[in-house]
There are 2 protein chains.
Amino acid sequence: LKGKLYAIGVGPGDPELITLKGFRLLKEVDVIVSTRSDQETESPALSIIRPLLESPEVRYMEFVFPIKGRCQIFMDLWLQAAEKMHSLIEEGKEIAFIVSDDPVVHSIFIYLLDIMEAEYGEIPLEIVPGINSFSAGASFIKIPLVMDNENLAVVPPTVTAEELKGILNNFDTVAIINISSKIQYILSILREQNLLESTYFIERCQENNKYNEVDLESLGEDKTADIIIVKT
Amino acid sequence: LKGKLYAIGVGPGDPELITLKGFRLLKEVDVIVSTRSDQETESPALSIIRPLLESPEVRYMEFVFPIKGRCQIFMDLWLQAAEKMHSLIEEGKEIAFIVSDDPVVHSIFIYLLDIMEAEYGEIPLEIVPGINSFSAGASFIKIPLVMDNENLAVVPPTVTAEELKGILNNFDTVAIINISSKIQYILSILREQNLLESTYFIERCQENNKYNEVDLESLGEDKTADIIIVKT
């Protein structure tokens, strides 16, 4: 294969939090690829890099996925995406597949890669890491995630109550990410474990791409947190 | 206070893995500050950014710490560092305190900040996150850290055997970082838990700042791993 695939983490939202390498590759590649749901008007990763590039749309390609649907529909769409990308790489094109945050943490890029490799064998590939939302969240509110010999757990909100209690008991810092609608569930566990006072609630502000601390009192039906950092 | 302190994560080694924001600030600030041990000829963070800047030494300041010594010696040195930095900020200087990887994960910056705030009150501060070694390691060897709803533990090698076994039992991925001399201890636990086959050993190559996978067989007295990623 003559071309190459780059998986690039564009970071947590602020366009300036992409790496120099990610930015250089975005300028150099032939095609920039991303995905979005059919409920989104623009790919979140494209929105992040848009201020950095002149007319990215002229060499931009996206794959749109329904927000709900049978598994087979998704598989067909992924297979089509894999085929399209593989044929570009075969033509010698360099492709940047962009994702928010970091390609190695909870990113859909890995699915695409698995499918491409299952269908077509090994792909010339480089992964460019990105700043994670939990690092950015802690940085913006000026707290350490972990110091010295402390250990860190990063968990999605799908964790069971039993699991989360165990993790809260055994880790110095627990970052719960991609919270959205699960906030009340997480709050109930933290309340039960008497940890609300040592918990930081962080929201990503869509307008300016910064992360802000949110008061516990303001969390509710209208307002949620994107990241929770618990100091146990 | 008229000046400002920036804590900047310069990433895991490759100078191109600093963020655009970190790079911009390094060019803009009046003083770049870092620390090194008295066994090191140069600060590791300075080595990382050196290729990016013209003559950084003309506005560079460093604090040197002995590798061993009584606690009081360290405290005195930190107090001197805090005083020096505070007086620069008082003069209106913008200072970039640089650390490898990420300032919010196991970085000494937080000690300095604690001491400065205890001595002088709140400091105008911004923290710029950096790429973590565990993200970089996984990216370089092209594996996901976590997919979908998986949870991730990041632990230092000072973890007790009992703790580590519990963590290996309860997490999908366990990244053990800053391994160095503790490799045999960690290997013995992974062997006992029958996890060696699903473990990735990663070394940071000093010459080219890349991360490479290392064979289990080659690990020994002469060769260690810097990061271990266990898929449980």
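The lining of the second largest pocket has 21 nonpolar, 15 polar and seven charged residues. Here Ala, Val, Leu, Ile, Met, Phe, Trp, Tyr, Cys and Pro count as nonpolar, Asp, Glu, Lys and Arg as charged, and the others, Gly among them, as polar. This is a predicted model, in which local features need pLDDT of at least 70 and side-chain atom pairs pLDDT 80 or more, while totals for chains, interfaces and linings use all residues. Residues are numbered from 1 along each chain, chains are lettered from A, and side-chain values use heavy atoms, without hydrogens and water.

Let's look at the pocket and then at the interface. The second largest pocket has a volume of about 1,600 Å³. Of its 43 lining residues, A:E40, A:P44, A:H106, A:I108 and A:N178 are the closest to the centre. A pocket is an open set of points on a 1 Å grid where a 1.4 Å probe fits, with protein on both sides within 12 Å along at least five of seven lines; lining residues have an atom within 4 Å of a point. The volume is the space filled by probe spheres set on the points, which are joined across faces, edges and corners.

Now for the two chains. In contact (heavy atoms within 4.5 Å) are 48 residues of chain A and 48 residues of chain B. Together the chains bury about 4,200 Å², 63% of it on carbon and sulfur atoms. Buried area is the accessible area (1.4 Å probe) lost on being put together, summed over both parts. On the chain A side, A:E16, A:L20 and A:V104 lose the most area to chain B.

| Between chain A and chain B | Value |
|---|---|
| Salt bridges, count | two |
| Salt bridge A:E16 to B:R24, N to O | 2.6 Å |

A salt bridge is a side-chain nitrogen of Lys or Arg within 4 Å of a carboxyl oxygen of Asp or Glu. The side of chain A that touches chain B has 29 nonpolar, nine polar and 10 charged residues.

How values were computed. Buried area = accessible area lost by both parts, 1.4 Å probe.
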